[in-house]
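Thanks for coming, everyone. Let me put the model up and walk you through the packing.

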Amino acid sequence: GLIEEALRAGRIPELAGFTALKREVPYGVENSRVDFRLDYPQGPAYVEVKSVTLGFEGTAVAAFPDAVTQRGAKHLRELAALAADGVRAVQLYCVNLSGIEAVRPAEEIDPGYARALRDAVASGVEVLAYGVHLDAGEIYVDRRLQVLLNG
(Lines give C-alpha, C1' and ligand atoms only; values in the text may rest on other atoms or scores of the structure.)
Protein backbone atom coordinates (compact mmCIF):
# COMPACT_ATOMS: atom_id res chain seq x y z
CA GLY A 1 0.00 0.00 0.00
CA LEU A 2 0.76 3.66 -0.30
CA ILE A 3 1.67 4.22 3.35
CA GLU A 4 3.79 1.09 3.66
CA GLU A 5 5.74 2.21 0.60
CA ALA A 6 6.20 5.69 2.10
CA LEU A 7 7.34 4.23 5.42
CA ARG A 8 9.86 1.91 3.74
CA ALA A 9 11.14 4.76 1.54
CA GLY A 10 11.62 7.04 4.57
CA ARG A 11 9.11 9.58 3.21
CA ILE A 12 7.64 10.02 6.68
CA PRO A 13 10.72 11.22 8.59
CA GLU A 14 9.01 11.07 11.99
CA LEU A 15 8.69 7.30 11.53
CA ALA A 16 11.99 6.58 9.76
CA GLY A 17 14.72 4.30 11.08
CA PHE A 18 12.70 1.23 12.07
CA THR A 19 14.28 -2.21 11.95
CA ALA A 20 11.08 -4.13 11.18
CA LEU A 21 7.57 -3.38 9.94
CA LYS A 22 4.60 -5.64 10.67
CA ARG A 23 1.08 -5.15 9.30
CA GLU A 24 -2.27 -5.72 11.03
CA VAL A 25 -0.83 -6.55 14.45
CA PRO A 26 -3.33 -7.40 17.24
CA TYR A 27 -3.11 -5.00 20.19
CA GLY A 28 -5.05 -3.38 22.99
CA VAL A 29 -7.84 -4.63 25.19
CA GLU A 30 -10.68 -4.50 22.67
CA ASN A 31 -9.08 -6.98 20.29
CA SER A 32 -8.18 -4.39 17.67
CA ARG A 33 -5.60 -4.69 14.95
CA VAL A 34 -3.26 -1.81 14.39
CA ASP A 35 -2.28 -1.00 10.80
CA PHE A 36 1.46 -1.10 11.46
CA ARG A 37 3.81 -1.97 14.24
CA LEU A 38 7.25 -0.51 13.61
CA ASP A 39 10.14 -1.87 15.64
CA TYR A 40 12.95 0.44 16.68
CA PRO A 41 15.99 -0.23 18.87
CA GLN A 42 14.28 1.80 21.62
CA GLY A 43 10.99 -0.11 21.34
CA PRO A 44 7.93 -0.41 19.08
CA ALA A 45 5.63 2.22 17.64
CA TYR A 46 2.00 1.42 16.86
CA VAL A 47 0.66 3.31 13.85
CA GLU A 48 -3.00 3.62 12.92
CA VAL A 49 -3.64 4.99 9.40
CA LYS A 50 -6.80 6.77 8.27
CA SER A 51 -7.52 8.03 4.75
CA VAL A 52 -8.94 11.53 4.61
CA THR A 53 -11.33 12.14 1.74
CA LEU A 54 -13.54 14.96 3.03
CA GLY A 55 -12.66 18.33 1.55
CA PHE A 56 -14.65 21.56 1.40
CA GLU A 57 -15.02 24.08 -1.40
CA GLY A 58 -12.90 27.17 -0.86
CA THR A 59 -10.80 25.92 2.06
CA ALA A 60 -7.44 24.15 2.30
CA VAL A 61 -8.53 22.24 5.41
CA ALA A 62 -9.75 18.66 5.07
CA ALA A 63 -11.63 16.80 7.81
CA PHE A 64 -11.97 13.29 9.22
CA PRO A 65 -14.19 11.32 9.47
CA ASP A 66 -16.77 11.75 6.69
CA ALA A 67 -19.28 9.62 8.63
CA VAL A 68 -19.66 8.59 12.27
CA THR A 69 -16.97 6.04 13.10
CA GLN A 70 -17.15 4.24 16.40
CA ARG A 71 -14.33 2.01 15.20
CA GLY A 72 -12.14 5.07 14.60
CA ALA A 73 -12.80 6.35 18.13
CA LYS A 74 -12.07 2.88 19.52
CA HIS A 75 -8.70 2.84 17.75
CA LEU A 76 -7.88 6.23 19.27
CA ARG A 77 -8.73 4.89 22.74
CA GLU A 78 -6.44 1.91 22.13
CA LEU A 79 -3.62 4.20 21.03
CA ALA A 80 -4.20 6.48 24.03
CA ALA A 81 -3.91 3.48 26.38
CA LEU A 82 -0.58 2.52 24.77
CA ALA A 83 0.73 6.09 25.01
CA ALA A 84 -0.32 6.29 28.65
CA ASP A 85 1.80 3.17 29.24
CA GLY A 86 4.80 4.85 27.65
CA VAL A 87 4.53 3.05 24.31
CA ARG A 88 4.88 5.14 21.15
CA ALA A 89 1.47 5.45 19.48
CA VAL A 90 0.78 7.35 16.26
CA GLN A 91 -2.37 8.33 14.40
CA LEU A 92 -1.43 9.02 10.78
CA TYR A 93 -3.84 10.74 8.41
CA CYS A 94 -3.24 10.25 4.71
CA VAL A 95 -4.93 12.97 2.66
CA ASN A 96 -5.89 11.97 -0.87
CA LEU A 97 -7.02 15.43 -1.95
CA SER A 98 -5.09 18.17 -3.71
CA GLY A 99 -4.72 21.71 -2.41
CA ILE A 100 -4.94 20.70 1.24
CA GLU A 101 -2.71 22.29 3.88
CA ALA A 102 -4.25 20.97 7.09
CA VAL A 103 -6.52 18.33 8.60
CA ARG A 104 -9.03 18.70 11.42
CA PRO A 105 -11.48 16.42 13.20
CA ALA A 106 -14.96 16.68 11.65
CA GLU A 107 -16.66 17.78 14.85
CA GLU A 108 -19.89 18.53 12.97
CA ILE A 109 -20.11 14.93 11.72
CA ASP A 110 -18.73 12.94 14.66
CA PRO A 111 -18.18 14.89 17.89
CA GLY A 112 -17.30 11.64 19.66
CA TYR A 113 -14.38 11.07 17.31
CA ALA A 114 -13.19 14.66 17.71
CA ARG A 115 -13.27 14.25 21.49
CA ALA A 116 -11.43 10.91 21.29
CA LEU A 117 -8.73 12.55 19.14
CA ARG A 118 -8.18 15.37 21.64
CA ASP A 119 -8.12 12.85 24.51
CA ALA A 120 -5.60 10.73 22.60
CA VAL A 121 -3.30 13.72 22.09
CA ALA A 122 -3.61 14.58 25.78
CA SER A 123 -2.51 10.99 26.55
CA GLY A 124 0.59 11.38 24.38
CA VAL A 125 -0.53 9.98 21.02
CA GLU A 126 1.38 11.59 18.14
CA VAL A 127 -0.84 12.82 15.32
CA LEU A 128 0.68 13.19 11.86
CA ALA A 129 -0.92 14.12 8.56
CA TYR A 130 0.62 13.67 5.13
CA GLY A 131 -0.57 14.67 1.70
CA VAL A 132 -0.50 12.45 -1.34
CA HIS A 133 0.90 13.60 -4.66
CA LEU A 134 -0.97 12.41 -7.74
CA ASP A 135 0.90 13.00 -10.93
CA ALA A 136 0.81 11.34 -14.34
CA GLY A 137 -0.35 8.06 -12.90
CA GLU A 138 2.22 8.22 -10.12
CA ILE A 139 1.01 8.42 -6.55
CA TYR A 140 3.15 8.90 -3.46
CA VAL A 141 3.14 10.51 -0.04
CA ASP A 142 4.97 13.80 -0.37
CA ARG A 143 4.44 16.38 2.37
CA ARG A 144 3.52 16.88 5.95
CA LEU A 145 0.30 18.75 6.67
CA GLN A 146 -0.82 20.60 9.77
CA VAL A 147 -3.23 19.01 12.23
CA LEU A 148 -5.76 21.43 13.74
CA LEU A 149 -7.23 19.87 16.86
CA ASN A 150 -9.81 22.56 17.49
CA GLY A 151 -11.27 22.80 14.00
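How many residues does H3 have, and how far does H3 reach from its first C-alpha to its last? H3 has 12 residues and reaches 17 Å. That is close to the 16 Å expected at 1.5 Å a residue. Keep in mind that this is a predicted model.

Stay with H3. Its buried residues are Tyr113, Ala114, Ala116, Leu117 and Ala120. Look down the helix axis, and those buried residues fall within an arc of 160°, so they line one face of H3. Recall the general rule. An α-helix has 3.6 residues a turn, so residues three or four places apart point the same way.

What do the buried residues of H3 pack against? The partners are S3, S4, H2, S5, S7 and strand S6, residues 102-105. Just past the helix comes Gly124, with a positive phi of about 110°.

Now the other end of the chain, with H1. Here Ile3, Glu4, Ala6 and Leu7 are buried. Note Glu4 on that list of buried residues. The buried residues of H1 pack against S1, S2, S3, S5 and strand S8, which spans 138-147. After H1 comes Gly10, and its phi is positive, near 75°.

Next, the cores. The largest nonpolar core has 26 residues. Which residues have the most contacts inside it? They are Val52, Leu79, Tyr93, Val95, Val103 and Val125. The elements giving two or more residues to this core are strands S1 (20-27), S3 (43-52), S4 (61-64), S5 (88-95) and S7 (126-135), plus helices H2 (70-84) and H3 (111-122). H2 supplies the largest share of the core, six residues.

Take Leu79 from that list. Setting aside residues up to four places away in sequence, Leu79 touches Tyr27, Tyr46, Glu48, Ala89, Val90, Gln91 and Val125.

H2 has another residue to look at. His75 is located in this helix. Is His75 buried or exposed? His75 is buried, with a relative accessible area of 3%. Neighbours within four places aside, His75 is in contact with Tyr27, Ser32, Arg33, Glu48 and Lys50.

On to the aromatics. The count comes to four aromatic pairs. Start with Phe18 and Tyr40. Their ring centres are 6.3 Å apart and their planes stand at 90°, so this pair is edge-to-face. Phe18 is in the loop between H1 (2-9) and S1, while Tyr40 is in strand S2, residues 32-40, so the pair ties together parts 22 residues apart in sequence. Phe18 has 18% relative accessibility, and the cut-off for buried is under 20%, so Phe18 counts as buried. Tyr40 is buried too, at 10%.

Then there is Tyr27 with Tyr46. This pair is stacked, at 5.9 Å centre to centre and 25° between the planes. Tyr27 belongs to S1 and Tyr46 to S3, so the pair links parts 19 residues apart in sequence. Tyr27 is buried, with a relative accessible area of 6%. Tyr46 is buried, at 12%.

Phe64, Tyr93 and Tyr113 form one aromatic cluster. And which residue lies over the face of Tyr40? That is Arg88, at 5.8 Å from the ring centre.

Last stop, Ser51. You will find Ser51 in strand S3. Ser51 is partly exposed, with a relative accessible area of 42%. Its contacts, leaving aside neighbours within four places in sequence, are Phe64, Cys94 and Asn96. Compare Ser51 with Leu92. They are 41 residues apart in sequence, and 8.6 Å apart in space, C-alpha to C-alpha.

Key:
Residues numbered from 1 in each chain as written. Predicted model: local features only at pLDDT ≥ 70, side-chain atom pairs only at ≥ 80, totals over all residues. Heavy atoms only, no water. Core = buried A, V, L, I, M, F, W, Y, C linked by side-chain atoms within 4.5 Å. Buried < 20%, exposed > 50% of the residue type's maximum accessible area, 1.4 Å probe, protein only. Helix = DSSP H or I, 4+ residues; strand = E, 2+ residues; numbered from the N terminus. Contact = heavy atoms within 4.5 Å. Expected span 1.5 Å × (residues − 1). Arc of directions from axis to C-beta. Phe/Tyr/Trp six-rings, centres within 6.5 Å; stacked < 30°, edge-to-face > 60°. Lys NZ or Arg CZ within 6 Å of the ring centre and 35° of its normal.
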